[in-house]
Amino acid sequence: MEKNELNEVLKDVQALLDASSCCQEAKDAALAWKEALGTTEEKVKAQALLKELEEDIMPIDDLIGFAMSDAGKACFGEKMAQDISTHAQEIKANGALYCDCPACQAAEAILKKKDLLLK
């Protein structure tokens with residue numbers, strides 16, 4: 001990976017690490033990849049990071065469904081669940097495929113650079 005490309009990926013990985021909505025497993029995978037940069041383990045750790053992000057990123061329809069479910073209402077509260085659902089429907093209408101929380105935004109950016117990570 002060229003230095004320019006690496007810097008872009010590192011920026012996205014840092015955004016993931018900084019996201020309060022990011023789960024610990026994704027943070028661990030991101031840190032493991034960063035620690036493996038330049039080693040023989042880099043590609044293996046990149047694959048693990050990408051796998052974790054593919055599992056974690058929230059498709060917009062799943063977010064809408066969860067927000068309006070009993071579990072979503074219990075998690076967020078009735079008003080917040082409705083607000084999340086309304087927001088998710090709005091961004092879906094504008095073409096969003098995934099949740100737009102900071103963790104999902106960073107995950108989407110990293111996943112778009114999958115080919116760079118697997119070079």
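This is a predicted model: local features need pLDDT of at least 70, side-chain atom pairs count only at pLDDT 80 or more; totals for chains, interfaces and linings use all residues.
**Helix packing and the nonpolar core**

Helices α4 and α6 are roughly antiparallel to each other, because their axes cross at roughly 160 degrees and an angle over 145 degrees counts as roughly antiparallel. The axes of α4 and α6 come within 8 Å, and α4 passes α6 in a left-handed crossing. On the α4 side, the contact is made by I60, D61, L63, I64, A67 and M68; α6 contributes A81, Q82, I84, S85, A88, Q89, I91 and K92. By class, nine residues of this contact are nonpolar, three are polar and two are charged.

F76 lies in α5, which covers residues 70-76. Leaving aside residues up to four places away in sequence, F76 touches F66, A81 and I84; A81 and I84 also belong to the α6 side of the contact between α4 and α6. F76 has a relative accessibility of 32% and therefore counts as partly exposed, since that class lies between the limits of 20% and 50%. The C-alpha atom of F76 is separated by 29 Å from that of L31, and the two residues are 45 residues apart along the chain.

A second helix pair can be described in the same terms. Two packed helices are described by the angle between their axes and the distance between the axes. Helix α3 (residues 42-56) and helix α7 (residues 102-112) pack at an angle of about 130 degrees, with axes 10 Å apart. That angle makes α3 oblique to α7. The crossing of α3 and α7 is left-handed. L50, L53 and E54 of α3 make the contact with A107, I110 and L111 of α7. These residues divide into five nonpolar, no polar and one charged.

In soluble globular proteins, nonpolar side chains tend to be buried together. Here the largest nonpolar core has 32 residues, of which V13, L16, W33, L49, L53, I110 and L117 touch the most other members. The elements that give two or more residues to this core are α1 (3-18), α2 (24-36), α3, α4 (60-68), α6 (78-93), α7 and α8 (114-117). Helix α7 gives the most, with six residues.

The surroundings of L16 illustrate how these segments meet. Not counting residues up to four places away in sequence, L16 touches C22, A26, K27, A30, L49, L53, A103, A106, A107 and I110.

Key. Residues are numbered from 1 along each chain as its sequence is written. Side-chain values use heavy atoms; hydrogens and water are left out. Axes are lines fitted to C-alpha atoms, for helices over the stretch in contact, and angles run from 0 to 180 degrees between N-to-C directions. Helices (H or I, at least four residues) and strands (E, at least two) are DSSP runs, numbered from the N terminus. Angles under 35 degrees count as roughly parallel, over 145 as roughly antiparallel, 65 to 115 as roughly perpendicular and the rest as oblique. A crossing is left-handed if the near helix is turned anticlockwise from the far one by less than a right angle, and right-handed if clockwise. Contact means heavy atoms within 4.5 Å. Ala, Val, Leu, Ile, Met, Phe, Trp, Tyr, Cys and Pro count as nonpolar, Asp, Glu, Lys and Arg as charged, and the others, Gly among them, as polar. A nonpolar core is a set of buried Ala, Val, Leu, Ile, Met, Phe, Trp, Tyr and Cys residues joined through side-chain atoms within 4.5 Å. Buried means under 20% relative accessible area, exposed over 50%, partly exposed in between (1.4 Å probe, protein chains only).
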